[in-house]
Amino acid sequence: MAPTSSTDPRIQFHTARQLLQNAKEATVSGRYQQAAQLATDGLDMVDALPPSPERDLLRWDLLLHRGRARFLMGDYAGLSDFQTVRDHSSDPVQQAEALVGAADCHNGMGSYAVAEEEYQTALREVEASGSDICRIRAWIGLGTLYWKQGRIEEAIRILNQARSALQRTPDLYELGRVLLGLGIAYDFAGQVEEAIAAYEDALKCFRSLQDDHRTAAALNNVGEIYQELRDLDRALRYHEEAIRLASQSGADRISVDITRNLGVDMLLMGRYSEAMLALNQALSQARAIRDKDLALQALYNLGDAFLRQGEVERALAIARELADEAAAIHSELHAARARLLQGRAYLAQGDRSMAQNILQAALGHAHAIPSRWLLWQLHAALGRATDDPEIARIHFRIAADFIHQIADPLSDPDLRSRFLSQPEIQAVIRRAEEPQP
């Protein structure tokens with residue numbers, strides 16, 4: 001047998017396959033930049049090999065994995081890798097995986113209609129190819145898209161579908177991603193205990209995989225729940241641990257949302273200069289990486305920060321911008337939040353009639369979601385905007401009902417008490433309990 005060398009095509013092919021395997025292992029542990037580089041190294045090696053069906057199959061696998069690593073780190077330019085595979089591979093599994101990857105990128109950039117069509121097409125194609133993991137990833141992507149649009153019940157349904165499928169096809173990394181999505185959807189719905197449980201389970205997955213990227217994401221999301229419940233010291237601890245892990249691991253995209261949440265923590269603590277610095281930084285970074293949902297979340301929080309500091313005109317300008325962007329991507333969630341911000345701003349100006357009109361329009365968006373957090377705030381604002389005392393009382397009672405739907409299931413009595421004792425919450429409950437004249 002002739003001796004082999006590093007220029008032997010067989011050895012180069014084997015080495016490229018090993019680089020692909022190493023890239024997959026790096027991805028599972030959250031080392032996305034390293035995974036993308038390993039895949040690039042493998043592509044360089046494969047491109048030097050003579051053409052063959054085996055070489056082409058490996059080349060498309062490497063491109064798929066590089067695109068996936070780039071997407072997971074928030075680099076949506078990875079779309080080009082998926083498009084190349086979609087254009088050239090004849091393998092049906094690779095074709096479906098490339099379409100899911102393209103949909104993930106379009107989802108991140110806010111092209112929701114395009115992304116949904118791509119996910120649905122990929123799911124139809126998967127029926128023929130039989131790739132369980134590709135189907136699960138498409139469901140995860142659709143679940144993410146649905147909660148971004150405010151289609152909360154659909155998000156919970158399809159993410160639980162993915163969770164059930166993972167019992168048949170175990171994959172700890174994808175299970176962690178499902179649980180993160182479920183936590184977000186449950187949180188939007190106001191099902192706080194379910195959200196915390198999903199996030200804690202996601203943390204177990206990612207910590208066992210030593211994935212600091214996704215561990216930071218889960219910590220960030222748990223912290224946001226405590227922020228919403230106004231346990232700000234605990235929220236800040238979670239967010240500080242999250243930003244430390246994200247910084248260590250180069251999780252730039254996740255760092256954007258952690259920075260936003262740190263800004264909200266500071267805002268609610270009355271540390272306004274620190275809050276404005278963090279929120280402006282988060283908005284700028286979200287736009288730089290072209291992540292539409294992160295940008296709209298930061299925009300809403302920035303408008304809320306201006307309003308809390310009495311800068312009503314600036315809050316109104318941001319609310320109008322948020323409304324325009326929400327309409328462009330057909331997001332009921334962000335449309336409702338934009339109108340809530342507008343209504344609160346008009347109330348601050350004393351224009352109750354305009355506030356009432358805007359907030360009534362917001363209810364149409366909000367009831368389509370539905371989000372207990374958003375609905376109690378909208379009904380409370382409508383109660384303040386309404387001139388008729390009886391109609392105002394009805395709105396306050398509805399708001400109080402949504403508040404209790406959030407608070408009553410909480411198993412931690414201190415957390416429940418902290419949430420209910422907020423002055424804003426107490427004002428709603430008092431108005432709801434006022435006797436009829």
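Reader: At what angle do helix α7 and helix α8 pack, and how far apart are their axes?

Author: In this predicted model, in which local features need pLDDT of at least 70, side-chain atom pairs count only at pLDDT 80 or more, and totals for chains, interfaces and linings use all residues, helix α7 (residues 132-149) and helix α8 (residues 152-168) pack at about 160 degrees with their axes 8 Å apart. Residues are numbered from 1 along each chain as its sequence is written, and side-chain values use heavy atoms, with hydrogens and water left out. The helices are DSSP runs of H or I with at least four residues, numbered from the N terminus. The axes are lines fitted to C-alpha atoms over the stretch in contact, with angles running from 0 to 180 degrees between N-to-C directions.

Reader: Why is α7 called roughly antiparallel to α8?

Author: Angles under 35 degrees count as roughly parallel, over 145 as roughly antiparallel, 65 to 115 as roughly perpendicular, and the rest as oblique. The angle between α7 and α8 is about 160 degrees, and therefore α7 is roughly antiparallel to α8. Their crossing is left-handed, a term used if the near helix is turned anticlockwise from the far one by less than a right angle, clockwise being right-handed.

Reader: Which residues make the contact between α7 and α8, and how do they divide by class?

Author: On the α7 side, I136, W139, I140, L142, G143, Y146 and W147 take part, and on the α8 side I152, E154, A155, I158, L159, Q161, A162, A165 and L166. Contact means heavy atoms within 4.5 Å. These residues divide into 13 nonpolar, two polar and one charged. In this scheme Ala, Val, Leu, Ile, Met, Phe, Trp, Tyr, Cys and Pro are nonpolar, Asp, Glu, Lys and Arg are charged, and the others, Gly among them, are polar.

Reader: How do you know that α1 is roughly antiparallel to α2?

Author: The axes of helix α1 (residues 9-28) and helix α2 (residues 32-47) come within 8 Å and cross at roughly 165 degrees. That angle therefore makes α1 roughly antiparallel to α2. The crossing of α1 past α2 is left-handed. From α1, Q12, T15, A16, L19, N22, A23, A26 and T27 meet Y32, A35, L38, A39, D41, G42, M45 and V46 of α2. By class, this contact comprises ten nonpolar, five polar and one charged residue.

Reader: What makes the pair R260 and E224 a salt bridge?

Author: The term requires a side-chain nitrogen of Lys or Arg within 4 Å of a carboxyl oxygen of Asp or Glu. The N to O distance between the side chains of R260 and E224 is 3.2 Å, and the pair is therefore a salt bridge. It links distant parts of the chain, with R260 in helix α13 (residues 252-268) and E224 in helix α11 (residues 212-228), 36 residues apart. By the same rule, the count comes to 34 salt bridges.

Reader: Why are R260 and E224 called buried?

Author: Buried means under 20% relative accessible area, exposed over 50%, and partly exposed in between, with a 1.4 Å probe and protein chains only. R260 stands at 2% and so counts as buried. E224, at 14%, is therefore buried as well.

Reader: Are D304 and R308 buried or partly exposed, and how are they paired?

Author: D304 has a relative accessible area of 8% and is therefore buried, whereas R308, at 36%, counts as partly exposed. Salt bridges that share partners also occur: R66, R70, D75 and D81 are joined into one network. D304 and R308 form a salt bridge, their closest N and O atoms being 2.9 Å apart. Both lie in helix α15 (residues 292-308), four residues apart, about one turn of the helix.

Reader: What makes L279 a buried residue, and which residues does it contact?

Author: L279, located in helix α14 (residues 272-288), has a relative accessible area of 0% and is therefore buried. Leaving aside neighbours within four places in sequence, L279 is in contact with R260, G263, V264, N301, L302 and A305.

Reader: Why is R290 called partly exposed, and what is its phi?

Author: R290 has a relative accessible area of 47%, and so it is partly exposed. R290 is found in the loop between α14 and α15 and has a positive phi of about 60 degrees although it is not a glycine.

Technical notes:
Helices (H or I, at least four residues) and strands (E, at least two) are DSSP runs, numbered from the N terminus.
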